[in-house]
Amino acid sequence: MKQQRCPTCGRLKKRSTDANRRYWALLAEIAQELKPQGAQYSSETWHKYFCQRFLGADEVKLPNEKTLIIPHGSSDLDTAEFNDFMSRVESFGAEHCVYLDFQE
């Protein structure tokens with residue numbers, strides 16, 4: 001499948017609003033259903049977890065000698081990269097019996 005590019009600048013297209021909505025709906029399901037060690041986490045926390053787990057992170061040394069871990073974001077992913085990322089999150093959900101019942 002050929003990647004779609006912006007006709008003006010030639011960059012690969014980003015995910016659609018529908019894809020973004022579907023991703024956040026899945027995160028809401030995961031946040032509602034999964035409670036590791038009895039703790040509940042927000043959709044935003046799960047988002048950061050998946051970004052770090054599947055996209056990586058940078059370690060930044062702070063002036064106080066501590067290290068800050070900054071997950072790579074998903075907003076710069078092109079359509080194909082986001083589809084791969086979403087598939088990995090969906091697989092994680094399926095491994096934990098969390099599925100998205102999402103009607104378009």
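**Close-up views of a predicted model**

At 61% relative accessibility, glutamate 65 counts as exposed, where exposed means over 50% relative accessible area, buried under 20% and partly exposed in between (1.4 Å probe, protein chains only). This is a predicted model, in which local features need pLDDT of at least 70 and side-chain atom pairs count only at pLDDT 80 or more, while totals for chains, interfaces and linings use all residues. Residues are numbered from 1 along each chain as its sequence is written, and side-chain values use heavy atoms, with hydrogens and water left out.

**View 1. The whole protein, with its elements in the order α-α-β-β-α from the N terminus.** Here you can find 3 helices and 2 strands; helices (H or I, at least four residues) and strands (E, at least two) are DSSP runs, numbered from the N terminus. The mean pLDDT is 88, and 85% of the residues reach 70 or more; pLDDT is the predictor's confidence in each residue, from 0 to 100. Of the 104 residues, 21% count as buried. The accessible surface comes to about 7,400 Å², with 49% of it belonging to carbon and sulfur atoms; accessible areas come from the Shrake-Rupley method with a 1.4 Å probe, and for residues only the protein chains shown count as cover.

**View 2. The hairpin of β1 and β2, with 5 residues between the strands.** Strand β1 (residues 57–61) pairs with strand β2 (residues 67–71) in the antiparallel sense, over 5 bridges; two strands pair if DSSP finds at least two bridges between them. Then turn to glutamate 65, which sits in the loop between β1 and β2. Glutamate 65 has a positive phi of about 75° although it is not a glycine. Most residues other than glycine have a negative phi.

**View 3. Helix α2 and its buried residues, Ser43, Trp46, His47, Phe50, Cys51 and Phe54.** They cover an arc of only 140° around the axis, which puts them on the same side of α2; the arc is that of the directions from the helix axis to the C-beta atoms. Their cover includes α1, β2 and α3 (79–95). With 13 residues, α2 reaches 17 Å from its first C-alpha to its last, close to the 18 Å expected at 1.5 Å a residue; the expected span is 1.5 Å times one less than the number of residues. Just after α2, look for glycine 56, which takes a positive phi of about 95°.

**View 4. Helix α3 and its buried residues, Phe82, Phe85, Met86, Val89, Phe92 and Gly93.** Seen down the axis of α3, these residues fall within an arc of 115°, so they line one face of the helix. What covers them includes α1 and α2. The 17 residues of α3 should span 24 Å at 1.5 Å a residue, and the end C-alpha atoms are 24 Å apart, which agrees.

**View 5. Cysteine 97, in the segment after α3.** Cysteine 97 is not a glycine, yet has a positive phi of about 60°. At 63% relative accessibility, cysteine 97 counts as exposed.

Note on methods
Contact = heavy atoms within 4.5 Å.
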